[in-house]
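Hi,

Here is the structure I said I would pass along.

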Amino acid sequence: LCSISTKVAMKIKTISRTQEDYVRQSKLDITKVHHNRDPTIHPFERAREYSKAIVSSKLDKIFAKPFVGALQGHMDSVYCTSTVRNSVVSFISGACDGEVKVWDLARKATVWSANAHQGFVRGISPDQTGTSFFTCGDDKLIKKWVLAGTNESTVEPVKTFTAPHLLTAIDHHRVDNQFATSGDTVCVWNSDRDEPLHSYKWGSDTVLSVSFNPAETSLLGSTCADRMVCLYDLRAASPIRKFALSMRSNKLAWNPREPFNFVLANEDANVYQFDMRKLDKALMIHKDHVSAVMDVAFSPTGREFATGGYDRTLRLFNTNGPRSREVYHTKRMQRIFSVNFSTDAKFVLTGSDDTNIRLWKAKASESLGVNPGRQERKQQLNNAVKKRYSHMPEVKRISKHKLEPKYIKKAASIAHIQNDSQRKKQDNRKRHSSSDDANLQPLRKRAVLREYE
């Protein structure tokens, strides 16, 4: 017999892995679990994610504790407040009795205080360096103060300016050594001169507020008592554009990330967002307040803003959302006159009629302090899952739920009935009139009564 030797080639699959990928270095480390992400072997993945989104939305409402603390010390209503752009802990407030206080937010304590004006403190604005700030009051005086505390018992202003008329607001330029005041006219000052550089007047009524654009620093906006909103360019000798709303606006705030957009806090309980390039209609109308909106302030991120009003509530809006995402209130908080975001965009400060300054979290369920890595990654996963399933009815219902006082719900119910009645009247008018007379403009376009150039 002859033996025939055959050679057969065989393919052998081996498992190749390093020890560091699956072995813990110590008992404190987490055991590594290798997960196959093939969707065919995980048929219930979407169902698990959906249930996780519902649970995360519920936990956000359960652990929502937005109130952080209160700054007490004023003897009269807090009328105006301001944060310092290059400092997280410094905060300035002015009251209706003329007192100005500088606060340390980390310690919730007063650094120094002074009787700055006779009557109301109408406006506070820090300079471009963040080392000093300006105040204006009913006594027609503009005073410059050093922000840092002194060892002396009484604090005196560094410089005093005398305005030709009563003052209602003040705002400082973001780059240059200039500031603007409002009153009978809008005046632009240089801190090295005693007289205003420019004076703008368009109309015969009082200018209520003035605000510099933080990005396009030569642009200036103001609101007037005659329902007008004016825009100015410091490079020109006259105002550039003006338009009128149905009711007067109490405050104007520019978006720090979108230089052409600004919002108006209006007396009709709405907040109007405009693009200065298209002033014939509003970009969006933000609703939920039931009384006049007194102040509005943008977050440094430019994605949200806070409003405070006569209905004694603080509301947080997304720039692309018509309804508020959060509403904060307490039993003792009265009408809110001023609202500010902290420079790190994590807190909101309000000054109200009950002499207190309250500190709130921008995200109600966010935990304070340093989060461990695992907790932070888990929070990021929960946020991603909630965003993915935010269109689902149950997740939307839970996220929209807000605890509001009884008087807010009653006023909102009455406003809803009135708006519904107005809508029915418009439908009947359209149904029983000719086609030319029935062309009704959208609400965002009806908000602007007239535009001037």
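Predicted model: local features only at pLDDT ≥ 70, side-chain atom pairs only at ≥ 80, totals over all residues.

The largest cavity is lined by Asp184, Lys201, Trp202, Gly203, Asp205, Val207, Cys224, Cys230 and Tyr232. The volume of the largest cavity is about 40 Å³, and the structure holds 1 cavity of 30 Å³ or more.

The second largest pocket is another matter, with about 1,200 Å³ of space in it. Its lining runs to 45 residues, and Thr81, Lys251, Asp295, Val296 and Asn340 are the ones that lie nearest the centre. By class, the lining of this pocket splits into 23 nonpolar, 15 polar and 7 charged residues.

Which strands each supply at least two residues of that lining? If you want to colour them in your viewer, here they are:

- strand S2 (78–83)
- strand S6 (121–126)
- strand S10 (167–172)
- strand S14 (207–212)
- strand S18 (249–254)
- strand S22 (293–298)
- strand S26 (336–341)

**Salt bridges**

Next, the charged pairs. Side chains of opposite charge can pair when their charged atoms come close. The count here comes to 22 salt bridges, and I picked out a few for you.

Start with Arg388 and Glu49, which form a salt bridge with their closest N and O atoms 2.9 Å apart. This pair ties together distant parts of the chain, 339 residues apart: Arg388 belongs to helix H2 (residues 373–388) and Glu49 to helix H1 (residues 45–62). Are the two ends buried or partly exposed? Arg388 has a relative accessibility of 42%, so it counts as partly exposed. Glu49 has 18%, and because buried means under 20%, Glu49 counts as buried.

Glu99 and Lys101 also meet through their side chains in a salt bridge, at 3.5 Å from N to O. Here both Glu99 and Lys101 are buried.

Then there is Asp194 with Lys159, a salt bridge whose closest N and O atoms are 4.0 Å apart.

**Aromatic rings**

A pair of aromatic rings is described by the distance of the centres and the angle of the planes. In this model the count comes to 20 aromatic pairs. One of them is Phe67 with Trp360: the ring centres are 5.3 Å apart and the planes stand at 70 degrees, so the pair is edge-to-face. Phe67 lies in strand S1 (residues 67–71) and Trp360 in strand S28 (residues 357–361), so to speak two distant parts of the chain, 293 residues apart. Phe67 is partly exposed with a relative accessible area of 39%, whereas Trp360 is buried, with 1%.

There is a cluster to look at too: Tyr79, Phe120, Tyr310 and Phe337 form one aromatic cluster.

Two arginines sit over rings. The charged end of Arg277 is over the ring of Phe260, 4.3 Å from its centre. Arg312 lies over the face of Tyr407, at 4.4 Å from the ring centre.

Finally, a pair of alanines. Ala269 is not a glycine, yet it has a positive phi of about 70 degrees. You will find Ala269 in the loop between strand S19 (261–266) and strand S20 (271–275), and at 9% relative accessibility it counts as buried.

Ala345 likewise has a positive phi, about 65 degrees, without being a glycine. Ala345 is in the loop between S26 and strand S27 (347–352). With a relative accessible area of 17%, Ala345 is buried.

Over to you!

Definitions and conventions: Residues numbered from 1 in each chain as written. Heavy atoms only, no water. Helix = DSSP H or I, 4+ residues; strand = E, 2+ residues; numbered from the N terminus. Buried < 20%, exposed > 50% of the residue type's maximum accessible area, 1.4 Å probe, protein only. 1 Å grid on protein atoms, 1.4 Å probe; cavity = no way out; pocket = protein on both sides within 12 Å on 5 of 7 lines; lining within 4 Å. Points joined across faces, edges and corners; volume = space filled by probe spheres on them. Nonpolar A, V, L, I, M, F, W, Y, C, P; charged D, E, K, R; others polar. Phe/Tyr/Trp six-rings, centres within 6.5 Å; stacked < 30°, edge-to-face > 60°. Lys NZ or Arg CZ within 6 Å of the ring centre and 35° of its normal.
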